Amino acid sequence: MKENTLVIVMVGLPARGKSTIASRLKEDLRRDGIRTRIFNNGDLRRRLKRLDTSSPEFYDPQNREGTGIREKIALTNIRRAERFLRNGGRIAILDATNVSRNRRKTIAALLKDFALLFVECINEDREILEASIERKIALPEFAPMGRAEALESFLRRIAYYETIYAPLSEERNFVRLDSLYNRILEEEISEPLPYYDRLRDLLVSDSVKNLYLVRHGETFFNLEDRIGGDSPLTPRGREQAEALGAFFSNKRIPMIFTSTKKRTIQTAEPIMRRQEHAAIIPLREFDEIDSGDCECMSYGEIRNRMPEVYEARKRDKFNYVYPNGEGYVTMKTRIDRGIKKALYLSGNADHIMIVGHRAVNRMILSHFLYRRQEDVPYIYIPQHKFYHIVATQDRKQFRLRSFAPRKAVEMP
Ligand code: F6P
């Protein structure tokens, strides 16, 4: 056995987050000074220029030609990984579906001189899969097809892989991972593995390189101190959105997550316009707290007409739930899900942005930065500043930053 070397074999159907996890591992391990390289079968396949690999039949296990080519690609990467490890490399990551037992046996046989860890990525959340597939079919590989054709082709590709999919069970060292929630579902480690403690920790932690947490600009409801509803931005709110767009124009932000409300989407639009390629992705998980019977009322009206609501909320704002609505306490699950969704969909992007609301942004912030529950509903969320969050294993940073000259856009 060659000491202090490891092969990580990614396993999972397409669009399950394997490559995102592989590249995150690589970045963190390299930062630790551990020479790590990814060997990705898809990249190699796409480089074989004259080959049309976008058609689903290419992935049909009964198609001899397609199978032959894919096996050859896998072998090339196995050999390259071996060479890398024999020449001073420490960790080789084989990034491919590797869903059949046969393929995994081949890998184990050819790389028997090295310790092996199999990591299976599992995510059966329909909605997230669909969004993630949408992202895949935007790749140049599918450019010649229309959206519907590309979607159908990709789904059929997945179906072919499903016919040969054998979940991990017999391998000596493996982890089965819920790749959406970063949770280990099953773990079998039969021998001491180099770097395992570090790797395990990386697999289960949320990681975000730069998250810009922005609140929507001023709305007509804000002017009257009204809550909830779906009010659009005021001219000053639009000005704030333009200032945000200008501020972020020199950063590459491929995805801007918003709620489904007008005010967050209108705030995101000028930001998107200043980017070369960016998409606005509205997630209802980021909709503002539902104030139920109090929707669209002002705080003054609630105090006068529903004093019991006003008082009870004042007593315990975190746990108070609006009649027929939500409270901070009941928002937690959906907000966590929204964050996971945004992180999953943005892959390993360097910069991501969420344009949210006051209560929503408090909950998002407290997801990354510990706050006592009773303090969460009072976190300062202004409209003329944003939070810059870095939360990786090695760095935690939370900065409240201005995006425009104070006078022009500051809210009272
Ligand atoms: O901007 C107003 C608002 O986003 C309301 O829609 C929401 O109910 C409120 O802020 C949340 O803040 P708090 O919990 O402090 O009332």
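A residue counts as buried under 20% relative accessible area, as exposed over 50%, and as partly exposed in between. Keep these cut-offs at hand, starting with N4: its relative accessibility is 44%, so N4 counts as partly exposed. The model on your screen is predicted.

**Stop 1: the start of the chain**

Select N4. This residue belongs to the segment before strand 1, which spans residues 6-11. N4 and G89 are 85 residues apart in sequence, yet their C-alpha atoms are 9.5 Å apart in space.

**Stop 2: the whole protein**

Zoom out and show the protein as a cartoon. How many helices and strands does the secondary structure come to? There are 15 helices and twelve strands. Turn the view along the principal axes: the C-alpha atoms fill a box of roughly 75 × 45 × 40 Å. The protein has 412 residues, and 54% of them count as buried.

**Stop 3: the loop with S100**

Select S100. Its loop runs between strand 3 (91-95) and helix 4 (101-110). Is S100 buried or exposed? The relative accessible area of S100 is 17%, so this residue is buried. Next, show the side chain of S100 and the backbone of R103. A polar atom of the S100 side chain lies 3.1 Å from the backbone nitrogen of R103.

**Stop 4**

Go on to Y195, in the loop between strand 6 (183-189) and helix 7 (196-204). Look at the backbone angle here: phi of Y195 is positive, about 65 degrees, although Y195 is not a glycine. As background, most residues other than glycine have a negative phi. With a relative accessibility of 22%, Y195 counts as partly exposed.

Then select L199, which has its place in helix 7. L199 has a relative accessible area of 1%, and is therefore buried. L199 and S402 are 203 residues apart along the chain, and 37 Å separates their C-alpha atoms.

**Stop 4: strand 8**

Select residues 255-258, which make up strand 8, and pick out I256 within it. How accessible is I256, and what does it count as? I256 has 0% relative accessibility and so counts as buried. Draw a line from the C-alpha of I256 to that of E218: the two are 19 Å apart in space and 38 residues apart in sequence.

**Stop 5: the ligand**

Now look at single contacts with oxygen atoms of the ligand:

- R313: a polar side-chain atom lies 2.7 Å from a ligand oxygen.
- G228: a polar backbone atom is 2.7 Å from a ligand oxygen.
- N222: an N or O atom of the side chain is 3.3 Å from a ligand oxygen.

Taken alone, the ligand exposes 400 Å², and the protein buries 95% of that area. Switch to a surface view to see the space that the ligand takes, which is the second largest pocket.

**Stop 6: N324**

Move to N324, found in the loop between helix 12 (307-315) and helix 13 (328-345). This is another residue other than glycine with a positive phi, here near 60 degrees. Is N324 buried or exposed? N324 has a relative accessibility of 68%, so it counts as exposed.

**Stop 7: D375**

For the last stop, select D375. The loop that holds D375 lies between helix 14 and strand 11 (385-391).

How values were computed:
Residues numbered from 1 in each chain as written. Predicted model: local features only at pLDDT ≥ 70, side-chain atom pairs only at ≥ 80, totals over all residues. Heavy atoms only, no water. Polar contact = N/O pair within 3.5 Å; in protein donor to acceptor, adjacent residues only side chain to side chain. Areas by Shrake-Rupley, 256 points an atom, 1.4 Å probe, with all protein chains shown as cover. 1 Å grid on protein atoms, 1.4 Å probe; cavity = no way out; pocket = protein on both sides within 12 Å on 5 of 7 lines; lining within 4 Å. Sits in = over half its atoms within 2 Å of the grid points. Helix = DSSP H or I, 4+ residues; strand = E, 2+ residues; numbered from the N terminus. Buried < 20%, exposed > 50% of the residue type's maximum accessible area, 1.4 Å probe, protein only.
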